[in-house]
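Let's take a walk through this fold together, starting with the sheet and ending with the charged pairs. Keep the viewer open as you read.

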Amino acid sequence: MTMPKMKRIRVSTDQELRNVLAKKSGASQEVMIVTGNAKSRENHISSERVRQVAQESGWQPGPSYSLSGNLLGHVVRHS
């Protein structure tokens, strides 16, 4: 699977994720939320949690990708 090129936004907490999604919700767009994976405990937000928060914030969750190091990318769309 080819990884899409889009704006990447790094978050490390649920609240930070909620704030980012609220600020970006004014326009139709697609972004990649970047979090630490389970090995990077202090920056870890699970894929399930990212999907849940995205849906609660009016965003549609898409696929997740393994990025370099201990990072995960989660695609979310707002229309």
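A quick convention before we start: buried means under 20% relative accessible area, exposed means over 50%, and partly exposed is whatever falls in between (1.4 Å probe, protein chains only). This is a predicted model, so to speak of local features we need pLDDT of at least 70, and side-chain atom pairs count only at pLDDT 80 or more, while totals for chains, interfaces and linings use all residues. Residues are numbered from 1 along each chain as its sequence is written, and side-chain values use heavy atoms, with hydrogens and water left out.

Start with strand S2, residues 29-36. Helices (H or I, at least four residues) and strands (E, at least two) are DSSP runs, numbered from the N terminus. S2 is mostly covered, with six of its eight residues buried. Two strands pair here if DSSP finds at least two bridges between them. On one side of the pairing list, S2 runs parallel to strand S1 (residues 8-10), joined by three bridges, and Arg8 sits opposite Met32 of S2. S2 also pairs with strand S4 (residues 71-78), this time antiparallel and through eight bridges; there, Val31 has Val76 as its bridge partner.

How do you get from S1 to S2? The path goes over helix H1 (residues 14-24), and the three elements make a right-handed β-α-β unit. Right-handed means that, with the strands pointing away from the viewer, the path from the first strand over the helix to the second runs clockwise.

Now for the greasy part. A nonpolar core is a set of buried Ala, Val, Leu, Ile, Met, Phe, Trp, Tyr and Cys residues joined through side-chain atoms within 4.5 Å. The largest one has 13 residues, and Val11, Leu17, Leu21, Ile33 and Val76 have the most contacts inside it. H1, S2 and H2 are the elements that give two or more residues to this core. Apart from it lies another core, of six residues, including Met6, Met32, Val34 and Leu67. Back in the 13-residue core, take a look at Leu21: setting aside residues up to four places away in sequence, Leu21 touches Ile33, Val53, Ala54, Ser57, Trp59 and Val76, where contact means heavy atoms within 4.5 Å.

What about charges? Side chains of opposite charge can pair when their charged atoms come close. Counting a salt bridge as a side-chain nitrogen of Lys or Arg within 4 Å of a carboxyl oxygen of Asp or Glu, a search of the whole structure finds three. One joins Arg49 to Asp14, with the closest N and O atoms 2.6 Å apart. Arg49 belongs to helix H2 (residues 47-56) and Asp14 to helix H1, so this pair ties together parts 35 residues apart in sequence. Arg49 is partly exposed at 22% relative accessibility, and Asp14 is partly exposed at 26%.

Another salt bridge links Glu56 and Arg18, at 3.2 Å between the closest N and O atoms.

With Arg77 in S4 and Glu30 in S2, the pair ties together parts that are 47 residues apart in sequence. Arg77 is partly exposed at 31%, and Glu30 at 32%. Leaving aside neighbours within four places in sequence, Glu30 is in contact with Met6, Val75, Val76 and Arg77.
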